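Subject: Structure handover

Hello,

Here is the structure I promised to pass on. My notes follow it.

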Amino acid sequence: MNINLKKSLFVSMTALGFFAAGTISHSSVSAKSRVRVTSNSALKTAGSSRNVTFTGSNALYNKAATLKGARKVASTSTLRSIANSGRSSQNVRAYRVAKTNRGLVYYKVVTFDGQHRGWIYGGRSKTSFRGGLKAYSTFKQGTVSSDMQNGTYKLANPGTGTATYVKPAWTQYKVGKKAADTSAYADSVYKIDEAGTRTKEGDQWVHIYAYEGNAGANGWILASQLKAADSSSSSNNGNNSQPTTDKIADNALRINFVDAATGAPVKSMDYIKNGGTKGSTLGTLTNGVWQLGTNDQTALQTQMNAR
């Protein structure tokens, strides 16, 4: 009798142990269920509505960060640097969206210059940008002043160094030049019908159309690359470029370039200061030294390099 009881007890405990082990094992598998992508599709709204910038709160990965094997391709500090860049070539476009079984949304993005591409956390909704992204306007449409409307213009320095664009340079992804070489349009006379500024550089762009002559270069161009159509031209050591002679806008600073050896004028450019007013100053005077803000320095250098 005692022997049978022990056997019965042993069997019962064994069965209980087996049941308990089975329960623990099932719980462990459930807790380790993997994150997976439940949808992944191309964004189909207008390109301009998918221009974004990085908030710097999330890094960029080769795939959704919560997926197994996800690898960081750009740190948050790198993305903050891109967001604060003064170059429109570092604007960003979102073009795919994915959602995981945990309800997390990730966007695939690329910088306009193609240097950075990957997936970034974008919140929990596929209808708005959150998390590591926010919507961004790459170009600020402005108004055409009466002087612009009434003026006629020519290209200041037609050739390969002066191009016109379908949209202002680097403000829309993969939308490029209208005329890369404007040599054939040296005699065309243009009118201006649109104007605005690139967000990153703060430089002014205008849309021109041929009032007289060849219309093949109709498009967007830096305002500083135009001159008044009635401007006289003469040779300066073989350079026919002349400083702009049209009226200076109230929010513009005209910079004239001269030959260091002779002092002869070479060319000029107008730097547009957003929010600037007639008679105001650019920069601050500190201890007898005139200093420009970082944004103005960057924008000026970019515009001068383009000349």
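First, a term: a residue is buried under 20% relative accessible area, exposed over 50%, and partly exposed in between, with a 1.4 Å probe and protein chains only. The model is predicted, so local features need pLDDT of at least 70 and side-chain atom pairs count only at pLDDT 80 or more, while totals for chains, interfaces and linings use all residues. Residues are numbered from 1 along each chain as its sequence is written, and side-chain values use heavy atoms, with hydrogens and water left out.

Aromatic pairs

A pair of aromatic rings is described by the distance of the centres and the angle of the planes. Here, rings of Phe, Tyr and Trp (its six-membered ring) pair if their centres lie within 6.5 Å. Planes under 30 degrees apart count as stacked, over 60 as edge-to-face, and the rest as tilted. The count comes to five aromatic pairs.

One of them is Y106 with Y121: the centres are 5.8 Å apart and the planes are at 65°, so this pair is edge-to-face. It links distant parts of the chain, 15 residues apart. Y106 is in strand β6 (residues 105-111) and Y121 in strand β7 (residues 117-121). Strands (E, at least two residues) and helices (H or I, at least four) are DSSP runs, numbered from the N terminus. Y106 is buried, at 3% relative accessible area. Y121 is partly exposed, at 24%.

Another pair is F112 with Y173. Their ring centres are 5.6 Å apart and their planes at 45°, so the pair is tilted. This one also links distant parts of the chain, 61 residues apart. F112 is in the loop between β6 and β7, and Y173 in the loop between β11 (164-165) and β12 (177-179). F112 is buried at 6% relative accessibility. Y173 is buried too, at 19%.

The loop between β11 and β12

Most residues other than glycine have a negative phi, and most peptide bonds are trans. K174, in the loop between β11 and β12, has a positive phi of about 60° although it is not a glycine. W170 is partly exposed, at 42% relative accessibility. K174 is exposed, with a relative accessible area of 72%.

K191 and its surroundings

The charged end of K191 sits over the ring of Y211, 5.7 Å from its centre. The rule asks for NZ of Lys or CZ of Arg within 6 Å of the ring centre and within 35 degrees of the ring normal. E212 and K191 are 21 residues apart in sequence and 9.1 Å apart in space, C-alpha to C-alpha. E212 is in strand β14 (residues 204-212). E212 counts as partly exposed, at 46% relative accessibility.

A cavity is a set of points where a 1.4 Å probe fits but cannot get out. A pocket is an open set with protein on both sides within 12 Å along at least five of seven lines. Lining residues have an atom within 4 Å of a point. Points are joined across faces, edges and corners, and a volume is the space filled by probe spheres set on them.

The second largest pocket holds about 370 Å³. Of its 21 lining residues, T199, K200, E201, G202 and N295 are the closest to its centre. The largest share of that lining, five residues, comes from α4.

There is one cavity of 30 Å³ or more. The largest cavity has a volume of about 40 Å³. Its lining includes V52, T53, F54, Y136 and K200. Three lining residues, the largest share, come from β2.

Nonpolar cores

A nonpolar core is a set of buried Ala, Val, Leu, Ile, Met, Phe, Trp, Tyr and Cys residues joined through side-chain atoms within 4.5 Å. The largest core has 17 residues; V52, F54, L79, Y107, V109, I120 and L133 touch the most other members. β2, α2, β5 (92-100) and β6 each give two or more residues to this core. A second, separate core of 15 residues includes M148, Y153, A195 and V206.

Best wishes
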